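Q: I would like to learn how to read a model of several chains, one feature at a time. Where do we begin?

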Amino acid sequence: METIVFDRVTKTYPVGLRKKATALEGLTLHIAQGTVFGFLGPNGAGKSTAIKILLNLIFPTSGQAFLLGKPMTDTAVRSRVGYLPESPNFYDHLTPEELLWFGGKTSGLTTNQIKERTDSLLDLVDLARVRRQRLRTFSKGMIQRAGVALALVNDPDVVILDEPMSGLDPLGRKLMADIIRRLKHDGKTVFFSSHILHDVEDLCDQVGIIVKARLRRVAGLADVLSVPATGWSLTVKATPDMVHSHLTGVTATHTARGGLTEIRTSEMDLGKLLDRLGALKEVLVSATPLRPTLEDILLQEIERADGESR
Amino acid sequence: MTRSFVLPIVVAALIAGHLLVALQLQSQRVAMAQEREQLGYLPAAAIRLLALDYRDLVADLIFSRTLSFHGGVLKRGEKPDAKTWQAIYRRIDAASELDPYFVDPYYFGQAVLTWDAHMPKEANALLDRGRRFRSDDWVMPFFMGFNAFYFLHDKAQGAAYLMEASRRPGSSPLVGLLAARLSSESRGTETAIAFLQELEAQTDDVGVKSDLRNRAEALRGISVIEQAVKRYREIFGKSPVTLRDLQESTILPQVPIDPYGGKFYIAPDGQVWTTSDLRPVTE
Amino acid sequence: MKHLWPIAKITFLEGLRSRVFFGLFIVALLLFSSTYTLSYLFPRDVVKVAVDLSLAITSLVGLILTLFLGTQLLAKDLERRTIHMVLAKAVSRSEYVVGKFAGLSLIIVCSMIVLGGFAAFASWTVDLLTADQYGVVHWPTFVLALSMMTLMLMLLASVIFFFSSFVSSTFLALGLTLVIYLIGQSVEELKHFLETGAEGVAISPVFLKIVTGVYYIFPNLAAFNFKTQAAHGLSVSLSDVAWPFLYGVFYSGVMIASAAWIFRRREFT
């Protein structure tokens, strides 16, 4: 059984009297248990829409979504799901303790279970000191962390995070990343949307790129990033003039970077170039294989999408 | 250096100016309010509608304002004209209509509408509501009976109301008696005296109380003379012409004093009255 | 419906700790302290006026409380998107609406108990300090008036919920409910006035029909007013109480059920 399934989910909104805006078009996606899935795309691509349909906050115009085998309209299955909304707002006057009590009770936990989970979770997100303080006194980062605790209070099998890193300082982001890794280690399924590439690269097993309401590409991250290198980038401690003379017969480009020069060449010419540079006793600072980064791929898809709409 | 003084001076000047203007405004508003105290009113239905959930409180407010308006008029030594009395009556009636169980409008109405405003019919119209709603209150029909007898000269109606009053719980035992006497007596001076005594007991207003006492005393004087006249007739077989006749025949050694400052006399038709006409005689 | 209690409880806590709540009670205390002095302006019916005043203050403060908390607790939920965190838990839309209403009702009841306590104390003070000739407070009807007042406020809260279920702005929901309150308090009076004929004013039958229609659709809030009976200790029969009570229960039920039904169809972006 797949944990999360989108089956041709489409969502359109009426704009004015006759026109329609499409938020999602024919989204089809199958995510297996234990996967950390990163949903990547520019703002307004449809990431939040997909998540909200999954949680039955919005209704699809056509198509269906499934959580742990049950249709998205099933209320009971959400007791095994944890959700952190984007820029969460909670009731101002509650305390983290009360918030977690609420989350636990509605997920069917007993008071004792809730107490245990509360203690460990508040420690985890570093809010133990303020467990009895009202949420209105919290900073944005603290609220986000409280939200994480709430999402996890029922020890869910599926954790859905909408832009989890937004508003967090570097320490908070590290915390969030650690939590996601730990969830993976525990065999949970994590589904999160982000437009921060670094996080996705760092944490995900699978990546889905969504641009302008359509899912453009889905692949394992390893697959996406381990294509053969298209070339090499060498950084040498020399000025471009000095380097230029050595580049005859070699297909390469060079650019100045501060007091150093970066030389880009193909895989084939790498050997030749190294020989030339060695003969001149130029100092090689670094050598990196060139591969398309996630950023490249994303930009590629965005460009393609733009091209389609013209 | 001069800059540091300018601002405080400006502020002080503004405050002083403000105080002057505020005082002026206040006296203007007070004058306006006094003018407004012509006591306009809204029809009862409109008040009920606007009062929403707070009918009883609005009744209290209307009554309270009318009471203080009346008090203000008296304090200034003025006498309200007929139009003002009408307005006062309408206000009390409105208050009573909003809360017909509210007892103060009825007592106040009885105190002023009868003696001062000379509006006994309106007084009874008001009291009738009290009679209907305050079904355990004997004072309502008692007041109505008194008004019917004393002001409206309708003995039959007065008797009927008094009978009703006597049947209500807590009524003074005198009430039934009065009802019976009303039906029988010709002139009714004794009845009136008894009525006045009972009325005085039911009144809180000190001024009204002393008025009633004076009136009762004057009527007692008349009654004493009336009884003397009766005895004279029995003895001498003819009616006395003046008080002198009574005095000289030692039936009435001392002539009663009229608390209103007038002189008792025997009218040509044999009735006893006083030159004061039961109103304070002014020099 | 087993998740009602958690929702009701957090709604209760949230409302209880809001500043509006606290501020209103301070205002109420100040108003109640005026009861003693104001009652003495009256010659005879001193206790009646004390009861009038204290019940009126209770009614007014209760009304403001209900209107503000009612809009804050639901419409604000929608405005600020706090509802997302609730609905993402295993809570159905109906449970949400009913649970929140239960929480709000609990606040209203607790507030009215406290306010009613102040009202009772103020009236009792005046009663104690005046001779019995000026009347006594009849406690059973006093409590009855407070209870029916509370029911009326709960009905009003259900109306707020109904409007909030399809209207997005807190301001609009508040305004609509205020209009309903004004209509609800006056419609019975207006209908009666038109039926018994105004003093020489011609009534168009169409207008009368409209008012009759309004009378049946809008809640007749005047039916819950037992303040006159409390002020004078008038006797109240069981059916006098039973019918308004049932009316309140049914009307609120319709409002909340409709709100839940509308909510099922509503999207939360």
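Q: What is the mean pLDDT of chain C, and what share of its residues reach 70 or more?
A: This is a predicted model, and pLDDT is the predictor's confidence in each residue, from 0 to 100. For chain C the mean is 88, and 96% of its residues reach 70 or more. For the complex, the predictor gives an ipTM of 0.85 and a pTM of 0.79.

Q: Which chains are in contact, and which pair shares the most contacts?
A: Two residues count as in contact if their C-beta atoms lie within 7 Å. Two pairs of chains are in contact, and chains A and C share the most contacts. Chains A and B do not touch, and their nearest C-alpha atoms are 33 Å apart.

Q: How many residues does each chain bring to the contact between A and C?
A: Chain A brings 24 residues and chain C brings 21. On the chain A side, the largest share is five residues, from helix H2 (residues 96–106) of chain A. Sorted by class, that side of chain A has 13 nonpolar, seven polar and four charged residues.

Q: How many residues meet where chain B touches chain C?
A: There, 18 residues of chain B are in contact with 23 residues of chain C. Helices H2 (44–51), H3 (55–75) and H5 (104–113) of chain B each supply at least two residues of the chain B side. H3(B) gives the most, with four residues. The classes on this side are ten nonpolar, one polar and seven charged.

Q: How many helices and strands does chain A have, and how spread out is the chain?
A: Chain A has ten helices and 14 strands. To judge the spread, compare the radius of gyration with the value from the globule rule. For the 310 residues of chain A the rule gives 19 Å, but the radius of gyration is 24 Å, well over that value, so chain A is more spread out than a compact globule. Its C-alpha atoms fill a box of roughly 75 × 55 × 40 Å along the principal axes. Buried residues make up 40% of chain A. Of the contacts in chain A between residues at least 6 apart in sequence, 69% join residues at least 24 apart.

Q: Which residues of helix H10 of chain B are buried?
A: A residue is buried if 20 or more other C-beta atoms lie within 10 Å of its own. In H10(B) the buried residues are Thr189(B), Thr191(B), Ala192(B), Phe195(B), Leu196(B) and Leu199(B). Seen down the axis of H10(B), they fall within an arc of 145 degrees, so they line one face of the helix. H10(B) covers residues 189–202 and reaches 20 Å from its first C-alpha to its last, close to the 20 Å expected.

Q: What do the buried residues of helix H2 of chain C pack against?
A: The buried residues of H2(C) are Leu24(C), Ala28(C) and Phe32(C). Their arc about the axis of H2(C) is within 70 degrees, so they line one face of the helix. They pack against helix H3 (35–39), helix H4 (46–79) and helix H6 (93–129) of chain C. The face of H2(C) turned away from the buried side carries exposed residues, among them Arg19(C), Phe22(C) and Ile26(C).

Q: What is the phi of Asp155(A), and where does the residue lie?
A: Most residues other than glycine have a negative phi. Asp155(A) has a positive phi, near 50 degrees. Asp155(A) lies in the loop between helix H4 (140–152) and strand E7 (158–162) of chain A. In chain B, His118(B) also has a positive phi, near 55 degrees. His118(B) is in the loop between H5 and helix H6 (120–133) of chain B.

Key: Residues numbered from 1 in each chain as written. Chains lettered and ligands numbered in written order. Predicted model: local features only at pLDDT ≥ 70, side-chain atom pairs only at ≥ 80, totals over all residues. Nonpolar A, V, L, I, M, F, W, Y, C, P; charged D, E, K, R; others polar. Expected span 1.5 Å × (residues − 1). Buried ≥ 20, exposed ≤ 12 C-beta atoms within 10 Å, placed from the backbone. Arc of directions from axis to C-beta. Rg over C-alpha atoms; globule rule 2.2 N^0.38 Å.
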